[in-house]
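Please read these points alongside the coordinates.

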Amino acid sequence: MIEITDAAAKRIQTAMVDEGITEGGLRVGIKAGGCNGFSYVFKWEPTPSPNDEIFESSGGAKIFVDPKSYKYLDGTVLDCDPNMLSQSLVVRNPHAKTECGCGLSFGM
């Protein structure tokens, strides 16, 4: 399971409106690379892929996660830090043993 906090849901929905996106959701995944071995990937998608895990906030924000990424993201909380200028999404991943200062890469 991946939890989407109310703050993250609001940020996702605001960004969708700003980008002119009316359908779909945010793909959250991982790829090899970054300072610590893995990097988080965010991308707008109009529909989920057939094997995706789909998570929806109480406010209706949706995220799509492919099976490979889900192994590393299960138990994660997707949040938003309102104190940051860009109100960036924050990934609280219980599997991460190390994290980059920017919060976009992690090690296992």
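Are Phe55 and Tyr70 buried or exposed? Phe55 is buried, and Tyr70 is buried as well (buried: under 20% relative accessible area; exposed: over 50%; partly exposed: in between; 1.4 Å probe, protein chains only).

1. Basis. This is a predicted model, in which local features need pLDDT of at least 70 and side-chain atom pairs count only at pLDDT 80 or more, while totals for chains, interfaces and linings use all residues. Residues are numbered from 1 along each chain as its sequence is written, and side-chain values use heavy atoms, with hydrogens and water left out.

2. Confidence. The protein chain has a mean pLDDT of 86, and 83% of its residues reach 70 or more (pLDDT is the predictor's confidence in each residue, from 0 to 100). Confidence is lowest in strand β9 (residues 105-107), with a mean of 66, and highest in strand β5 (residues 62-65), at 97.

3. Overall make-up. The protein chain has two helices and nine strands (DSSP runs numbered from the N terminus: helices are H or I of at least four residues, strands E of at least two). Along the sequence the pattern is β-α-β-β-β-β-α-β-β-β-β. Of the 108 residues in the protein chain, 35% are buried.

4. Aromatic pairs. There are two aromatic pairs in the structure (ring centres of Phe, Tyr and Trp, the last by its six-membered ring, within 6.5 Å; planes under 30 degrees apart are stacked, over 60 edge-to-face, the rest tilted). Phe38 and Tyr72 form a tilted pair, at 5.2 Å centre to centre and 35° between the planes. Phe38 belongs to strand β3 (residues 38-45) and Tyr72 to helix α2 (residues 67-73), so this pair ties together parts 34 residues apart in sequence. Tyr72 is partly exposed, at a relative accessible area of 23%. The pair of Phe55 and Tyr70 is stacked, because the ring centres are 5.8 Å apart and the planes lie at 25°. Phe55 sits in strand β4 (residues 53-56) and Tyr70 in helix α2, 15 residues apart.

5. Sheet. Three strands form an open sheet in the order β1-β6-β7, with mixed pairing (two strands pair if DSSP finds at least two bridges between them). β1 (3-4) and β7 (89-92) are at the edges with a single partner strand each, so one side of each has no neighbour in the sheet. β1 and strand β6 (residues 77-80) run parallel and are joined by two bridges. Ile4 has Leu78 as its bridge partner in β6.
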